[in-house]
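Q: I would like a close look at one part of this protein. Please take the salt bridges and walk me through them, with the surroundings that help me place them.

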Amino acid sequence: MSLLNAFRPAPHMPEMEDETSIKKAYSYWRFRIFYGMYIGYIFYYFTRKSFTFAMPSLMQDLGFEKSDMGILASIMAITYGLSKFLSGVLADRSNPRFFMAFGLILTGIANICFGFSSSIMLFALFWGINGWFQGWGWPPCARLLTHWYSQKERGTWWGFWNTAHSIGGGLIPIIAAFAATYYGWRSAMFLPGILCIAVGLFLINRLRDTPQSLGLPPIEKYRGDFPESKEAEEKELTAKEILFKYVLSNKFIWILAFSYFFVYLIRQGVNDWGMLYLCEVKGYSSILASSCIVSFEIGGACGSLAAGWASDKIFKGKRGPIIILFSIAVIGAILGLWFSPVSAELLDTIWMFLIGFFIFGPQMLIGMAAAELSHKKAAGSATGFIGWVAYLGAATAGYPLSMITQYWGWEAFFIALSIGGVVAASLLFPLWSVRSNPKFRKETSAQEPSSLQESTEKA
């Protein structure tokens, strides 16, 4: 099999007929694919955030300024965001098993090359390459989540998957900061790179494409959960249909995209500059500051789970209310960290937890809402497009925010993040009453089992 053929969607196999075998296979593959992409995305974070936590040691060793580091952060955000959009279109028409795995392997190689470099030009080159292949991580996950988990359960599953961001973001400060402190900043690039190459090979072994590629019925048929007619959901779409019919002409996608810009300005601003702020203003050591950042990621994991559950159970599939409420709450948490007194480690840890809690909820739900308000076959493209706009916000959190901080101080940094929260919440108000999940298909016969899963359980 050639590399080009490996990236093509896996062909559909003849559908199984035995309901017991279908239930057993679905149970096995849903679990295997979920933990595969979950672990894979954790390690994408290892090579995405390695530089952030090597930054203090790198600046001291090579004499770079905040603005130099801001340039690298912006380059990463721009290449990652652009790749997220373009790779989203490719991922909708590719096999996620190989797409996600090869992206992770190549980001590992880029990190290792970065670690061997010493000039700003080479740093920019390899960090830009890293950003490009980082974009290969999210769209395959969106494809897998929409094909293996149905509309009525997806909020909870998606929320749990989103904690991979926080697990990866929580582990890398410990690993990278420890490596940089005791073995130099280059080791903080080498170790994540090597680990990600190994995990990329693990993904090739674990992941598969759609249920139909394994001879299973579509998830909608298995669970009796039809957001649209089966024909509308399962027919293949052209790239033109995906982009122009289901993404670029969709007003909800544009609302979500613009709000995502400001959500990522906050998230990336705290993630990229939070450690430096704690070291410079609060006088924390690198180890203490990195442990405080871990609380941001733990809060993010809790916020993702809470937001997904609440949008499913409390708001009955409406994602808008939770996104808006969390976006407003994060403003208070940002102000709390700003006005927290010096040497209040426990209080700073609490504020970082709350910022993570309230910013990761919108970060997760906006992506899910984009997939649900588009089309199952356009999930990667829809989330990739809003992800591209989001990482323009992340790029703004790089060089522009570093210049604001360098010339006007950390007060301007916190004011900029607070304004971002206000704008994000304001943009999202039109989505308050929009139910992200479309109308479910009604069964034609009350006597017919509502799903293959239910039929098997009754038997």
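A: Start with Lys221. Its relative accessible area is 32%, so Lys221 is partly exposed. Keep in mind that this is a predicted model.

The partner of Lys221 is Glu15. Their side chains form a salt bridge, with N and O 2.9 Å apart. This pair links distant parts of the chain: Lys221 sits in helix α9 (residues 219-223), while Glu15 sits in the loop between α1 (3-6) and α2 (19-62). The two are 206 residues apart. What about the cover on Glu15? Its relative accessibility is 38%, so Glu15 also counts as partly exposed. The label "partly exposed" covers values between the 20% cut-off for buried and the 50% cut-off for exposed.

How many salt bridges are there by this rule? The count is 3. Two remain to be described.

Take Asp209 and Arg143. Their side chains meet in a salt bridge at 3.1 Å, N to O. Asp209 lies in the loop between α8 (187-206) and α9, and Arg143 lies in helix α6 (residues 138-148), so this pair ties together parts 66 residues apart in sequence. Buried or exposed? Asp209 has 2% relative accessibility, so it counts as buried. Arg143 has a relative accessible area of 5%, so Arg143 is buried too. Both values fall under the 20% cut-off.

Now Lys282 and Asp348. Here the side chains meet in a salt bridge of 2.9 Å, N to O. Lys282 is in the loop between α12 (251-280) and α13, and Asp348 is in helix α15 (residues 345-372), so the pair joins parts that are 66 residues apart in sequence. Lys282 has 7% relative accessibility and therefore counts as buried. Asp348 has 0%, so Asp348 counts as buried as well.

Next, the setting. The protein has 19 helices and 0 strands. It has 459 residues, and 61% of them count as buried. Links across the sequence show up in the contacts too. Take the contacts between residues at least 6 apart in sequence: 86% of them join residues at least 24 apart.

Helix α4 (residues 96-115) has 20 residues. From its first C-alpha to its last it reaches 29 Å, close to the 28 Å expected at 1.5 Å a residue. Of its 20 residues, 15 are buried, so α4 is largely enclosed by the rest of the structure. Look also at the start of α4. There, a side-chain oxygen of Asn95 comes to within 3.0 Å of the backbone nitrogen of Arg97.

Phe178, Tyr182, Tyr183 and Ile287 make a nonpolar surface patch of about 490 Å². Which helix gives the most to the nonpolar patch? Helix α7 (residues 151-183) does, with 3 residues. Ile287 lies in helix α13 (residues 286-313). Its relative accessibility is 38%, so Ile287 counts as partly exposed.

Asp209 and Arg143 are buried, and so are Lys282 and Asp348.

Notes
Residues numbered from 1 in each chain as written. Predicted model: local features only at pLDDT ≥ 70, side-chain atom pairs only at ≥ 80, totals over all residues. Heavy atoms only, no water. Helix = DSSP H or I, 4+ residues; strand = E, 2+ residues; numbered from the N terminus. Expected span 1.5 Å × (residues − 1). Buried < 20%, exposed > 50% of the residue type's maximum accessible area, 1.4 Å probe, protein only. Polar contact = N/O pair within 3.5 Å; in protein donor to acceptor, adjacent residues only side chain to side chain. Contact = heavy atoms within 4.5 Å. Patch = residues over 30% accessible without salt bridge, like charges linked within 9 Å, V, L, I, M, F, W, Y side chains within 5 Å. Areas by Shrake-Rupley, 256 points an atom, 1.4 Å probe, with all protein chains shown as cover. Salt bridge = Lys/Arg side-chain N within 4 Å of Asp/Glu carboxyl O.
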